[in-house]
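Please look at the aromatic side chains of the model shown here, and at the open space between its chains' atoms. A short report follows the display.

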There are 2 protein chains.
Amino acid sequence: MPRTKGDHEARRRDVSEAVWRVLAAHGFGGLTLRAVAAELGATTGLLTHYFPAKRDLVAYALDLLAERTAARPRPSGGHGLAALRTALLGVLPLTAEAAASNRIWVSSWDTALSDPESSDDYAGKYAQSRAKLRDLVAAAQQLGELPAGDPERIAAGAQSFVLGLTVQALFAPTAFPPRRQVELLDDYLASLASRSVATPPPPSRGDEAVSP
Amino acid sequence: MPRTKGDHEARRRDVSEAVWRVLAAHGFGGLTLRAVAAELGATTGLLTHYFPAKRDLVAYALDLLAERTAARPRPSGGHGLAALRTALLGVLPLTAEAAASNRIWVSSWDTALSDPESSDDYAGKYAQSRAKLRDLVAAAQQLGELPAGDPERIAAGAQSFVLGLTVQALFAPTAFPPRRQVELLDDYLASLASRSVATPPPPSRGDEAVSP
């Protein structure tokens, strides 16, 4: 039977799935041609057709991660603070699928940090996410749900919070089940929001601005 | 000349230094016998005396990381909120040395997550850090510097914040220089503290508790 374009696509999809499963189970540290071949039930010889060298496999895995992350349905909706909350929830490992994807992201940091180009690429991705969060923060500020203040700076803080919470939850899923993660995020957002309640200071305190 | 215990110790120290430099430059993904041998100016043959297999080298590197982290001078001092701030600053990559150590920690997450025993070990270490932070939070609460609330929960949030900020700073040291990291941490602590200012709500708002 002649090989068709469909065969080729199906094969590519199989390879992608196998790479993904190896990453989810063993991380980038366990990503070898042999492991992918075993997952695929194929020979390593066949795989060298796709990945002549280990670095090709790693580059492919990083692309696959970026692609799947971009394709991942991002919860969105609501306005102001609710929309910011939804976006931040979308980062956390609240489902098995999100946990697998996050585990692979965290795992990829080692690889990304050891290569300046890749590291810059990651920094750029995080800067983009921050820019989106910044717009959501600014919208919440306009609605009076968050206090005045540099939205970029508030976004950087919020991003740090969910990234660190993600790491904690991956290491200790029992201590950080989804309900706990949501609680902690809500605590964080309540803290951010309550700063607006505290300002401006009551007039009885005097009219000097409180230094930041 | 006979080999002495001193020779042996000196050799061990050289090996440790070489492993550390490889980790700082290339992460766990780049930790190979060949790389350590090159750093040491030795043959890989000599190294197999210390590390018969790759997994021995990785296990050694994880131990070395834990050992150096435990030996790292931790800033401490102050009382209440100031002591909490000092402890959290001690996590951040504010110096070149702390950045190298943090980079190796982040890099080790891939290896640690792929092994259940190692993963539990890491979870235990983070739980210990949280317990210390929890005590500092409780002390700040007793001084009235932080609002009432589960100190364990506040500690978990604070730990998430500094971990995530560390990751951000490693990828984008220009966007997150030490001054910026300190600013963001201070924003975070100010948010936590201001919740006490906001409660109880002014009497004019009615006596119904605001739902969390």
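This is a predicted model: local features need pLDDT of at least 70, side-chain atom pairs count only at pLDDT 80 or more; totals for chains, interfaces and linings use all residues.

Residues are numbered from 1 along each chain as its sequence is written, chains are lettered from A in the order in which they are written, and side-chain values use heavy atoms, without hydrogens and water.

Over all chains there are 18 aromatic pairs, counted when ring centres of Phe, Tyr or Trp (its six-membered ring) lie within 6.5 Å, with planes under 30 degrees apart called stacked, over 60 edge-to-face and the rest tilted.

Y50(A) and F51(A) are both buried, that is, under 20% relative accessible area with a 1.4 Å probe and protein chains only. Y122(B), at 3% relative accessibility, is buried, as is Y126(B) at 12%. Both belong to one aromatic cluster that also includes W105(A) and W105(B).

R68(A) lies over the face of W20(A), 4.7 Å from the ring centre, where the criterion is CZ of Arg or NZ of Lys within 6 Å of the centre and within 35 degrees of the ring normal.

The largest pocket holds about 1700 Å³; a pocket is an open set of points on a 1 Å grid where a 1.4 Å probe fits, with protein on both sides within 12 Å along at least five of seven lines, and lining residues have an atom within 4 Å of a point. Among the residues closest to its centre are F28(A) and F28(B).

Conventions: Grid points are joined across faces, edges and corners, and a volume is the space filled by probe spheres set on the points. Buried means under 20% relative accessible area, exposed over 50%, partly exposed in between (1.4 Å probe, protein chains only).
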